[in-house]
Amino acid sequence: MKLDILLGLQWGDEGKGKVVDVLTPHYDVIARFQGGPNAGHTLEFNGLKHVLHIIPSGIFHQDKMNIIGNGVVIDPVIFQKEIESLEKMGFDPTKNLFISKKAHLILPTHKWIDAMLEEQKGEQKIGSTLKGIGPTYTDKIARNGFRVCDIIAPDFLDKFAVIYKKHSDLLIKNSYKPQDDITTVFTDWFNALQTILRFKLIDSEYEVNDYLKEEKKVLAEGAQGTLLDVDFGSYPFVTSSTTVAAGACTGLGVAPNRTGCVIGIVKAYCTRVGSGPFPTELFDETGEQLRKQGHEFGSTTGRARRCGWLDLVALKYTIMINGVTEMVLTKADVMDNFDTIKICTAYQIGEETTDRFPTEINADIKPVYKEFKGWKQNLSEEKDYENLPQAFKDYVAFIEKETGIPISIVSTGPDRSQTIIRA
């Protein structure tokens, strides 16, 4: 059996949580492979709305196994709150959630360092979520990290003391004083470690590979989006982990030849949270209409998302990087009332027109658009693709033709039931 991979093809917020939830019945295991509490995967079903930050989006299917992989960074306090929320809803996540011993932990000092570094950037801020993600991954790469397995190590307190001193020295050197009450924050953090210890801590690379040998179906769930990848995103306005398909191999310990389908999630328009280039961004009433109709506010930060037309230059690039085999189109229903809809097909940079995504994205880029007639019809209640308006099907067909990738699922609303599976 091969490992299937699901990830975002834009700047995140594509609707990955809902799609994972919809696909989970077809899998035995859902495994998160990167990111941390900077992710916000929203699921809606049976009148319930829930946002997951660290826990895989298959958790509501209690007969399915969920794994937090080694590539994920965990904030114990946020994890504890997620668990408490699930338990209040009547779910027992201890039965179907495993945690990799190799996953790294976010300390309160990581978040303070994150805030300090962002503050120092001034007008060059990258728009960090201030969740401590970057400093935690920095410590991981610098071999100073604090892992889940360290919680159960005999020299736990010694390891903690070493990393705490390094962080404290850095904060003092930069004259940064946290606004939080330090004693309270660390008391909460240590207490939250006990919640982690309620779960089975595993060598997830062995577990995932064993599942595949047993012919069990495993879906690797990514967070953020390809254009936020630390190598291939719009650097430096990116996240600190590998958000592309290759990240599933390193984030779960699976060899490239064991991977199967790559399912790319793409929103019918584009959004971005925080700073960074965005060639098709709209600053007019249309952009505001997309924001209002799509409720485009970050599920993690609450910040208003920047909105713009679908960008095929960027989409073709992310398809290439990930080896996408099929796509899921989300939030097309947001544009139900638009008279005209546009898709960016190329960039005009000076005198040159290109369909390649440049390394340096600057203000000189002018999107080249193709216009489409709006479908002017409510998509959210339709269950059969063939009954959708022709204008919408023309829009889908154009994306498929230009990218060469089939759109296998169309999401017509936030609820689990508002999903049309074409293949």
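Two strands count as paired if DSSP finds at least two bridges between them. Helices (H or I, at least four residues) and strands (E, at least two) are themselves DSSP runs, numbered from the N terminus. Keep that in mind as we walk through this predicted model, where local features need pLDDT of at least 70, side-chain atom pairs count only at pLDDT 80 or more, and totals for chains, interfaces and linings use all residues. Residues are numbered from 1 along each chain as its sequence is written, and side-chain values use heavy atoms, with hydrogens and water left out.

Let's start with a pair of strands. Strand S19 (residues 407-411) and S20 pair in the antiparallel sense, over three bridges. Look at Ile-409 and you'll find Ile-421 of S20 standing opposite. Both strands belong to an open sheet of ten, in the order S9-S7-S5-S2-S10-S1-S11-S15-S19-S20, with mixed pairing. At the edges sit strand S9 (200-202) and strand S20 (419-421), each pairing on one side only. On average, neighbouring strands of this sheet are turned by 25° against each other, direction ignored.

Now bring in a helix. H12 lies across S19 and strand S15 (326-330), running at about 145° to S15. For that angle, axes are lines fitted to C-alpha atoms (for helices over the stretch in contact), and angles run from 0 to 180 degrees between N-to-C directions.

Next, the inside. A residue is buried under 20% relative accessible area, exposed over 50%, and partly exposed in between (1.4 Å probe, protein chains only). A nonpolar core is a set of buried Ala, Val, Leu, Ile, Met, Phe, Trp, Tyr and Cys residues joined through side-chain atoms within 4.5 Å. The largest one here has 56 residues, and those with the most contacts inside it are Met-327, Met-335, Phe-392 and Tyr-395. Helix H12 (residues 390-403) gives the most to this core, with six residues. Contact means heavy atoms within 4.5 Å. Not counting residues up to four places away in sequence, Phe-392 touches Leu-329, Ala-332, Trp-375, Leu-379, Tyr-385 and Val-410.

There is also a second, separate core of 40 residues, which includes Ile-59, Phe-60, Leu-105 and Tyr-176. You'll find Tyr-176 in the loop between helix H6 (156-173) and H7. Why does Tyr-176 count as buried? Because its relative accessible area is 17%. Leaving out residues up to four places away in sequence, Tyr-176 touches Trp-112, Ala-115, Met-116, Glu-119 and Leu-171.

In H7, Phe-186, Trp-189, Ala-192, Leu-193, Thr-195 and Ile-196 are buried. They cover an arc of only 150° around the axis, so they lie on the same side of H7. The arc is that of the directions from the helix axis to the C-beta atoms. An α-helix has 3.6 residues a turn, so residues three or four places apart point the same way.

Pro-108 is in helix H3 (residues 108-121), and counts as buried because its relative accessibility is 4%.
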